[in-house]
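Q: Please walk me through this one. Keep it short.
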Amino acid sequence: MEAKFYEKRPDKKVKCLLCPHGCVISSGKVGICSIRKNIDGTLIALTYGRISSCSLDPIEKKPLYHFYPGKMILSLGTIGCNFACPFCQNWQISQPREAFPGEDMEEVVSKVTDSLTPKQAIDLALTYRQNGNIGLAYTYNEPFIWYEYVYETVKLAHKNGLKNVLVTNGYVNEAPLRKLLPYIDAINIDIKGFSDEVYKKLGGRLAPVLKTVEIASKDCHVELTNLIVPKLNDSREEIENLVDWVATKVGRETPLHFSRYFPNFKYAEPPTSPKTLKMAEEIGLTKLKHVHLGNV
Ligand code: SF4
């Protein structure tokens, strides 16, 4: 599928305008996210209609604790990510170039994903209605880089009375975000830390993520997650700054989930101590009404 949000450049190069990375991609190459490829001067979304993962999950697992609690949601993901978190729990699907070094991404996509058209996704979601399913969640890897598929599917979902949920790192440009938001009912945005220093280590910047949170919170139900990773973002000061910002800019009612890290991929520090999580919870509750601990 030809990608949305890009411009053509001389010498068959393209510039992708979907996320703040703004990759300029030569013919035959992919962007930072691994799955948007320049094929002869046209930007192609390699994962359109391709899924790596599909599961009927409790909505609390997204995590969303204040949006249809007790219900289920059909959760879909594909491969690729525009960040490179060294502790990613889903790195086998989010970092295909690490999982399949040296391999062509088009071949990797066909090897590790199955076909599921937007219409098939909706039909599947409808069949699970009797199991308490309220709709579709786009999750497991970064859904904004799956934009073309998500956009088609969320529109169809609303036509069929289904809800749409995004679980995202929030690293997207404003125009694509605003185009998608009318079809999104709830979103969980992962704020990975409250400094550019943290984001630099993961391959991004803090400001665009905060902007996504502010825009989304005016349009749909928003919950926030902060994975607390030892030696990365676990200082009292950083957690206080995050909580201050959420209370001031998004609102005291915004649920904030502090999640426990476990070692994975390239990060070997021991799991976050319960003491640190307790500290985060106490800081959160000084300014916010809904603070939850996850993975404990
Ligand atoms: S979506 Fe992918 S290709 Fe586009 S700018 Fe972001 S990382 Fe680069």
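A: Helices (H or I, at least four residues) and strands (E, at least two) are DSSP runs, numbered from the N terminus. Residue numbers start from 1 along each chain as its sequence is written. This is a predicted model, where local features need pLDDT of at least 70 and side-chain atom pairs count only at pLDDT 80 or more, while totals for chains, interfaces and linings use all residues.

Q: OK. Where is Pro63 found?
A: Pro63 sits in the loop between strand 7 and strand 8.

Q: And what joins it to Lys62?
A: A cis peptide bond links Lys62 to Pro63, with omega at about -5 degrees.

Q: Now Ser34. What is its phi?
A: Ser34 has a positive phi of about 80 degrees, although Ser34 is not a glycine. Ser34 belongs to the loop between strand 3 and strand 4 (36–39).

Q: On to sheets. In what order do the 8 strands of the open sheet run?
A: The order is 7-8-10-11-12-13-14-15, and the pairing is mixed. Two strands pair if DSSP finds at least two bridges between them.

Q: Which strands are at the edges there?
A: Strand 7 (53–58) and strand 15 (291–294) are the edge strands, and each pairs on one side only. On average, neighbouring strands of this sheet are turned by 20 degrees against each other, direction ignored.

Q: Do strands 8 and 10 run parallel or antiparallel?
A: Strand 8 (residues 72–77) and strand 10 (residues 133–138) run parallel, and 4 bridges join them. Opposite Met72 stands Asn133 in strand 10.

Q: What about the open sheet with 3 strands?
A: That sheet has the order 1-2-3, with antiparallel pairing. Its edge strands are strand 1 (6–9) and strand 3 (24–25), each pairing on one side only. Strand 1 is joined to strand 2 (residues 13–16) by 4 bridges, and these two run antiparallel. Lys8 has Val14 in strand 2 as its bridge partner.

Q: What holds paired strands together?
A: Strands of a sheet pair through backbone hydrogen bonds, either parallel or antiparallel.

Q: Helices next. Which strands does helix 5 lie across?
A: Helix 5 (residues 147–159) lies across strand 10 and strand 11 (163–168). The helix runs at about 165 degrees to strand 10. Axes are lines fitted to C-alpha atoms, for helices over the stretch in contact, and angles run from 0 to 180 degrees between N-to-C directions.

Q: At what angle do helix 4 and helix 5 pack?
A: Helix 4 (residues 118–127) packs against helix 5 at about 45 degrees, with their axes 9 Å apart. So helix 4 is oblique to helix 5. Angles under 35 degrees count as roughly parallel, over 145 as roughly antiparallel, 65 to 115 as roughly perpendicular and the rest as oblique.

Q: Which residues meet there?
A: Pro118, Lys119, Ala121, Ile122 and Ala125 in helix 4 meet Tyr149, Glu152, Thr153, Leu156 and Ala157 in helix 5. Contact needs C-beta atoms, placed from the backbone, within 7 Å. By class, this contact has 7 nonpolar, 1 polar and 2 charged residues. Ala, Val, Leu, Ile, Met, Phe, Trp, Tyr, Cys and Pro count as nonpolar, Asp, Glu, Lys and Arg as charged, and the others, Gly among them, as polar.

Q: How do helix 9 and helix 10 pack?
A: Helix 9 (residues 236–250) meets helix 10 (residues 274–287) at about 30 degrees, with axes 9 Å apart. So helix 9 is roughly parallel to helix 10. Their contact has 6 nonpolar, 1 polar and 4 charged residues.

Q: Last one. Which residues are around the ligand?
A: Among them are Cys16, Cys19, His21, Cys23, Cys33 and Arg36. Each residue's C-beta atom, placed from the backbone, must lie within 6 Å of the molecule. The shell has 7 nonpolar, 4 polar and 1 charged residues.

Methods
Two residues are in contact if their C-beta atoms, placed from the backbone, lie within 7 Å.
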